[in-house]
Amino acid sequence: MYRYTDFDAAFVAERNAQFRAQVERRIDGSLTEDEFKPLRLMNGLYLQLHAYMLRVAVPYGTLSSAQMRQLAYIAERWDKGYGHFTTRQNIQFNWPTLRDVPDMLDALAEVQMHAIQTSGNTIRNVTADHFAGAAADEIADPRPVAELIRQWSTDHPEFQFLPRKFKIAVTGSPNDRAVTKAHDIGLRMVRNEVGEPGFEVIVGGGLGRTPMIGKVVRDFLPEADLLPYLEAVVSVWNLLGRRDNKYKSRIKITVHEHGIDDIRARVEERFALLRPAFTGVDQQLYAQIKSDFEAPAFADRDTAPFDQAYANDPVFRSWADTNLSAHRAPGHAIAQISLKAHGATPGDATADQMRVMADLAEWFGHDELRVSHEQNIVLPHVHKADLPAVHAALKDAGLATANIGRISDIIACPGMDYCALATARSIPIAQEIATRFDQLKLENEVGDLKIKISGCINACGHHHVGHIGILGLDRAGVENYQITLGGDHTETAAIGQRTGPGFSADEIVPAIERIVDTYLSERDSADEAFIDTFARVGMTPFKTALYGESERKQKAA
Amino acid sequence: MPAIFTPKVVTANALLEGDVVYLTEADTWSRTLQEAEVLTDEADAQIRLIDASSRTGEVVGVYLADVTPDQNGPKPAHFREAFRMSGPSNYPHGKQSEAL
């Protein structure tokens with residue numbers, strides 16, 4: 001893992017000292033809220049519905065056990081004993097008081113963490129494939145790239161007052177687990193025809209009010225050109241971006257308004273100007289960073305304990321079937337820890353649970369943990385022989401839910417239970433859907449199905465790319481939930497299509513049940529996943545199930 | 001004919017804790033909606049809002065929220081205000097825990 005240099009540590013310490021003084025000046029009245037707000041946002045501090053919220057960056061979703069333990073300590077010492085892992089691989093604390101935040105930031109700095117650029121119109125925390133460095137299908141580990149981008153973008157003087165926020169995601173695998181096509185810039189690590197490493201650069205993706213799938217602006221960018229090229233993209237948008245209209249300010253609108261060819265030409269022109277300024281220091285740095293992400297020494301051991309447990313323990317088998325993924329090293333697995341126990345808040349973990357996960361990472365997982373954008377925790381490197389012990393410990397901590405990728409593994413934003421921007425709640429809807437399908441014992445029968453819920457049009461819950469997306473709105477003073485179907489968050493990214501009129505909070509779970517029933521009766525075999533059935537049969541049977549035959553005909557007439 | 005004015009309360013978040021607060025007739029900030037001053041006249045409401053907004057050392061984000069007057073005090077007119085009044089629905093971590 002990357003370790004802070006003296007420069008990094010001094011930078012974070014200085015920022016924390018500045019923020020401590022800013023908080024004091026706000027409290028003693030020398031700063032107004034208008035003056036203070038941009039300062040607190042630069043340090044990840046929001047004011048939400050019921051309290052302040054501190055969003056802490058988890059760079060590319062990677063945590064050590066010491067960092068996870070410190071998050072547990074912060075949750076207990078200054079919050080209400082839990083934290084919320086987000087769809088951008090970060091963690092949010094929902095209940096800090098203003099006076100405590102400087103101490104929380106100092107506690108984070110002790111484990112080389114901070115909250116800088118987790119808010120505001122800056123380049124935000126860079127996200128990456130949560131299986132980075134472990135996945136069997138990986139070409140290269142995306143985290144050194146993400147770390148390089150983080151160092152370049154942190155406090156970048158040209159990019160502190162962008163037209164709007166800017167999000168970058170990196171994947172090193174052809175199977176995109178980082179939703180790169182729904183980011184301002186998505187980077188796919190590829191090799192050219194002679195085998196040299198580089199990137200496919202995707203620009204102008206995004207969800208929110210105007211969902212857009214990103215477009216390829218450069219199909220092969222040599223590795224050494226990365227930073228000047230990114231700088232060119234961001235600076236072109238920095239000038240063109242619509243500062244006059246918040247809803248049109250993201251780069252997706254700029255790309256849409258100007259067209260990808262025009263943007264490409266401008267970027268290339270700017271790139272030609274910037275490229276000579278990058279003399280290779282960035283590449284030396286990149287080489288150093290890469291050495292920080294050397295793969296651990298994977299042991300060659302007998303997997304008999306795994307095979308035995310798998311054969312004899314049905315609970316373990318069910319967990320192994322859903323929560324494990326293929327690792328690149330023989331005898332190893334990637335284990336996902338579901339933060340989606342049926343009826344629980346998606347993405348939440350208590351301090352005790354965080355400590356259990358930290359212990360397991362330390363004992364069995366080469367001291368590494370990941371936060372996935374699907375709001376689960378990953379132990380990326382576990383030897384199969386250790387999995388029965390890992391599973392037993394998870395079971396004791398209420399963390400052994402076997403539902404990764406299943407209908408109850410729901411992404412949900414905090415919604416109106418916490419968020420000041422939300423137009424409806426999302427957490428209770430997720431809780432009810434998960435509880436209902438658990439009661440029906442249908443999860444395994446239904447198989448791979450991603451439900452994603454957002455409590456407002458800003459789409460933090462990624463609803464547009466959910467196989468089933470749910471968007472909570474305020475319709476004439478009542479919570480109302482619109483459904484989209486057929487969204488795809490992978491390398492074949494697609495925006496879901498709206499089914500029709502929305503449903504009330506009481507009607508939404510039965511509506512989801514009707515959709516699932518329709519899928520079960522329409523699929524050609526148990527092997528055909530929901531998304532494939534939808535692609536084959538289209539919207540019609542689902543619309544009929546939701547709204548009835550007559551209404552559909554009326555609407556068509 | 002002018003539109004009928006929906007009764008309002010002045011509400012905000014406390015500067016230090018972030019808690020939802022309401023302005024009372026006595027010019028104090030209460031954590032309880034029932035104790036809020038109900039404003040039934042638009043001109044009054046605007047003046048109370050302007051005065052409250054200047055109390056930047058105590059509160060953040062002052063605005064007028066619609067309420068429905070009731071014999072037990074004002075009730076939130078919109079579900080957002082109902083959640084602000086009671087706290088989140090997934091844990092008893094907000095105001096609902098203080099009421100216990």
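Let's start in strand 2 of chain B, where Val20(B) is the bridge partner of Asn13(B). Strand 2 covers residues 20-23 and strand 1 covers residues 8-14 of chain B, and the two pair in the antiparallel sense over three bridges. Two strands count as paired if DSSP finds at least two bridges between them.

Before I go on, a word on the model: it is predicted, so local features need pLDDT of at least 70 and side-chain atom pairs count only at pLDDT 80 or more, while totals for chains, interfaces and linings use all residues. Residues are numbered from 1 along each chain as its sequence is written, chains are lettered from A and ligands numbered from 1 in the order in which they are written, and side-chain values use heavy atoms, with hydrogens and water left out.

Back to chain B. The hairpin of strands 1 and 2 has five residues between the strands, and Gly18(B) takes a positive phi near 85° there. On its other pairing, strand 2 of chain B meets strand 3, residues 29-30, in the antiparallel sense over two bridges, with Ser30(B) as the bridge partner of Tyr22(B). That hairpin also has five residues between the strands, and here Asp27(B) has the positive phi, near 70°. Which way do the side chains of strand 2 of chain B point? Val20(B) and Tyr22(B) point one way, Val21(B) and Leu23(B) the other way, and all are buried; buried means under 20% relative accessible area, with a 1.4 Å probe and protein chains only.

Now, how do the chains meet? In chain A, 32 residues are in contact (heavy atoms within 4.5 Å) with 23 residues of chain B. Between them the chains bury about 2,200 Å², 59% of it on carbon and sulfur atoms; that is the accessible area, with a 1.4 Å probe, that two parts lose on being put together, summed over both. Leu49(A), His50(A) and Met416(A) supply 24% of the area that chain A buries against chain B, more than any other three residues. There are twelve residue pairs in polar contact between the chains, both at pLDDT 80 or more. A polar contact is a pair of N or O atoms within 3.5 Å; within protein, one must be able to donate a hydrogen and the other to accept it, and residues adjacent in sequence count only if both atoms are side-chain atoms.

Over to chain A, and an open sheet of five strands in the order 3-14-15-12-11, with antiparallel pairing. Strand 3 (62-64) and strand 11 (324-326) stand at the edges with a single partner strand each, so one side of each is left without a neighbour in the sheet. Strand 3 of chain A pairs with strand 14, residues 368-371, over three bridges, and Leu63(A) has Leu369(A) as its bridge partner.

My last stop is Gln117(A), in the loop between helix 4 (101-110) and strand 6 (127-128) of chain A. Is Gln117(A) buried or exposed? It is buried, with a relative accessible area of 6%. Its side chain reaches the backbone oxygen of Ser153(A) at 3.3 Å, and a polar contact of 3.1 Å joins the side chains of Gln117(A) and Gln160(A). Thanks, everyone!

Key:
Helices (H or I, at least four residues) and strands (E, at least two) are DSSP runs, numbered from the N terminus. Buried means under 20% relative accessible area, exposed over 50%, partly exposed in between (1.4 Å probe, protein chains only).
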